[in-house]
Amino acid sequence: MTERAQARPGRRTVMGVGAAVLGTALGVTGTAQAAGKPGSEPAGHDGRRLDLPVPTVIGHRGTSGYRPEHTLGSYQLALDMGAHIVEQDLVPTRDGHLVCRHENDITATTDVSAHPEFASRRTTKTVDGVALTGWFTEDFTLAELKTLRAKERIPGNRQKNTLYDGRWEIPTFEEVLRWADREGRKRGKPVWLYVETKHPTYFRGLGLGLEEPLAKLLRRYNRHRAQSPLILQSFEPGSIQRLSKLVATPRVVLLSGAGSKPWDFVASGDPRTTDDLVKPAGLKWMASFAQGIGPTLDLIIPKDGAGRLTTPTSLVRDAHAQGLILHPYTMRNENTFLPADFRRGTDPNAYGDAFGAFAAYFATGIDGIFSDNPDTALLAAADFAAK
C-alpha cells in the first residue's frame with residue numbers, strides 16, 4: 001500500500017474535561033480529516049458525545065515512568081498530574097477476581113520470588129503462543145496475591161522507581177473503581193478509566209473469562225452506559241465484540257505492529273492480520289462494534305532501519321473517515337524508547353527530546369496518546385494547542 005504524508009490538522013484546542021467533545025465514536029474535536037472540512041465534528045455512528053480533551057493524555061498503567069506500574073500510587077500520581085484518563089490492565093485470580101497487572105506473569109512486577117511459600121508455584125506456561133516461566137495470577141487466590149507487594153518492572157531503565165518497591169499491593173479492579181468514585185466526588189468531576197482485557201482467549205480456555213465479571217463490576221459501579229467515564233480496550237477484537245453485547249461502555253480495539261495477528265484470530269483461524277485491519281474495510285468492520293482504535297505508534301509513523309521516523313501512513317485519515325478515534329501507544333521519555341531522531345546523548349536511560357516526538361505524533365491528527373509520563377504529555381499537548 002502506498003502511504004503519503006498527511007496534511008497537518010487544523011488548529012485544535014485542548015480543553016478541560018467537560019468542555020471538549022468527542023463523538024462516540026468517541027469522535028474528535030476539531031479534527032478536519034474526520035469530516036473532510038476544517039472545524040467540523042464527526043458525530044460517530046450514533047451521535048453520542050463524551051467529554052474528553054483533545055489530544056487526550058492517557059496515564060499508561062498510571063504513571064509508570066515514576067512509580068511501579070498498576071499500583072494505587074501510580075494511578076494517584078497520574079490523576080494528580082492531570083492525566084485525562086488512567087489505564088488499568090486486568091487479569092484474573094484463581095478464584096475469579098479481576099486484578100490490575102500488565103501481565104498474568106507477575107515475576108517481574110511483584111516480590112513473589114522472595115516468598116518461599118510460593119516457590120512451588122513457579123512454572124512454565126504458553127500464553128498466546130509464547131512460553132513463559134514464572135508465577136501467574138491464575139495460580140493464586142486473591143488472598144494469596146494480597147500478601148505480595150509490587151515492584152518496578154524495568155529497574156535497569158528506571159532505577160529511581162525502585163525506591164517505591166514494596167510500598168503498594170496488587171489492587172483489584174473493584175478497589176480501583178472505588179478509588180475513582182472517591183476521587184471523583186472529591187474533585188467534583190468523573191475520573192476516567194481506560195480498562196484492558198488481557199489475553200481473554202487464553203483465560204476463557206481456563207474457565208476464567210474476563211468479560212462477564214468485568215461487565216458485572218461496570219454495572220455495579222454505574223460505568224456500563226454509553227456515556228460512562230470509562231473506555232474498554234483489548235488486543236482481541238472478539239473480546240470487544242463480546243463486551244459490546246454486555247455493556248454500552250465505549251470500546252477501543254488495540255492493534256499491534258504490522259504483520260501481527262490478534263490471538264483470537266490465530267485461535268479461530270481467521271486469516272486477517274493487523275495489515276488487513278488498518279485498511280478501510282477492516283476499519284469499517286471495527287467501527288461496527290467499537291468507537292476507536294489504539295494502534296502502536298509505528299502504525300501512525302513507521303520507522304526506518306535506523307529507528308528514525310519516516311512518512312506518516314494514512315491510518316489517521318482512514319480511521320477518522322469511519323468515525324473512529326485513535327489513541328496510539330506508548331510514549332516514554334527515555335532515549336531507549338524514543339525514535340532515533342529524538343534521542344539525546346549516549347545514555348539510553350536519560351531523557352531525550354520527548355517534546356519533539358510528541359509534536360511529530362500530534363501533527364498527524366491523533367486524538368490522544370498513552371504516555372508513561374503524563375506531565376510531559378500534558379505540556380506537549382498544550383504546546384500543540386497553542387500553535
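**View A. In this predicted model, Arg167 is placed over the ring face of Trp168.** The distance from Arg167 to the ring centre of Trp168 is 5.9 Å. A charge sits over a ring if NZ of Lys or CZ of Arg is within 6 Å of the ring centre and within 35 degrees of the ring normal. Arg332 likewise lies over the face of Phe337, at 5.1 Å from the ring centre. Residues are numbered from 1 along each chain as its sequence is written, and side-chain values use heavy atoms, with hydrogens and water left out. Local features need pLDDT of at least 70 and side-chain atom pairs count only at pLDDT 80 or more, while totals for chains, interfaces and linings use all residues.

**View B. Phe235 and Tyr329 form one of the 10 aromatic pairs in the structure.** Rings of Phe, Tyr and Trp (its six-membered ring) pair if their centres lie within 6.5 Å, and planes under 30 degrees apart are stacked, over 60 edge-to-face, the rest tilted. The ring centres of Phe235 and Tyr329 are 5.8 Å apart with 90 degrees between the planes, an edge-to-face arrangement. The pair links distant parts of the chain, since the two residues are 94 residues apart. Phe235 is in the loop between strand S9 (230-234) and helix H7 (237-244). Tyr329 is in the loop between strand S12 (325-326) and helix H13 (354-362). Helices (H or I, at least four residues) and strands (E, at least two) are DSSP runs, numbered from the N terminus. With a relative accessible area of 27%, Phe235 is partly exposed (buried is under 20%, exposed over 50%, partly exposed in between; 1.4 Å probe, protein chains only).

**View C. Phe265, Trp285 and Phe289 are linked into a cluster by ring pairs.** The Trp285 and Phe289 rings have centres 4.9 Å apart and planes at 75 degrees, so this pair is edge-to-face. Trp285 is partly exposed at 23% relative accessibility. Phe289, with a relative accessible area of 6%, is buried.

**View D. The largest pocket is lined by 39 residues.** His102, Lys198, Phe235, Ser256 and Tyr329 are the lining residues nearest its centre. At least two lining residues each come from strand S4 (85-92), strand S7 (130-134), strand S8 (192-197), S9 and helix H11 (297-300). The lining of the largest pocket divides into 15 nonpolar, 11 polar and 13 charged residues (Ala, Val, Leu, Ile, Met, Phe, Trp, Tyr, Cys and Pro count as nonpolar, Asp, Glu, Lys and Arg as charged, and the others, Gly among them, as polar). On a 1 Å grid over the protein atoms alone, a pocket is an open set of points where a 1.4 Å probe fits, with protein on both sides within 12 Å along at least five of seven lines; lining residues have an atom within 4 Å of a point.

**View E. Two peptide bonds in the cis form, Val54 to Pro55 and Tyr329 to Thr330.** For the bond joining Val54 and Pro55, omega is about 0 degrees. Pro55 lies in the loop between strand S2 (49-50) and strand S3 (56-59). For the bond joining Tyr329 and Thr330, omega is about -15 degrees. Thr330 is found in the loop between S12 and H13.

**View F. Asp128 and Asn222 have a positive phi although neither is a glycine.** Phi is about 50 degrees at Asp128, which is found in the loop between strand S6 (123-127) and S7. At Asn222 phi is about 55 degrees. Asn222 is in the loop between helix H6 (211-220) and S9, and with 43% relative accessibility Asn222 counts as partly exposed.

**View G. Arg122 and Thr133 are 11 residues apart along the chain, with 7.0 Å between their C-alpha atoms.** Arg122 is in the loop between strand S5 (98-100) and S6. Its relative accessible area of 49% makes Arg122 partly exposed.

**View H. The C-alpha atoms of Pro348 and Glu334 are separated by 6.7 Å.** Along the chain, Pro348 and Glu334 are 14 residues apart. Pro348 lies in the loop between S12 and H13. At 42% relative accessibility, Pro348 is partly exposed.
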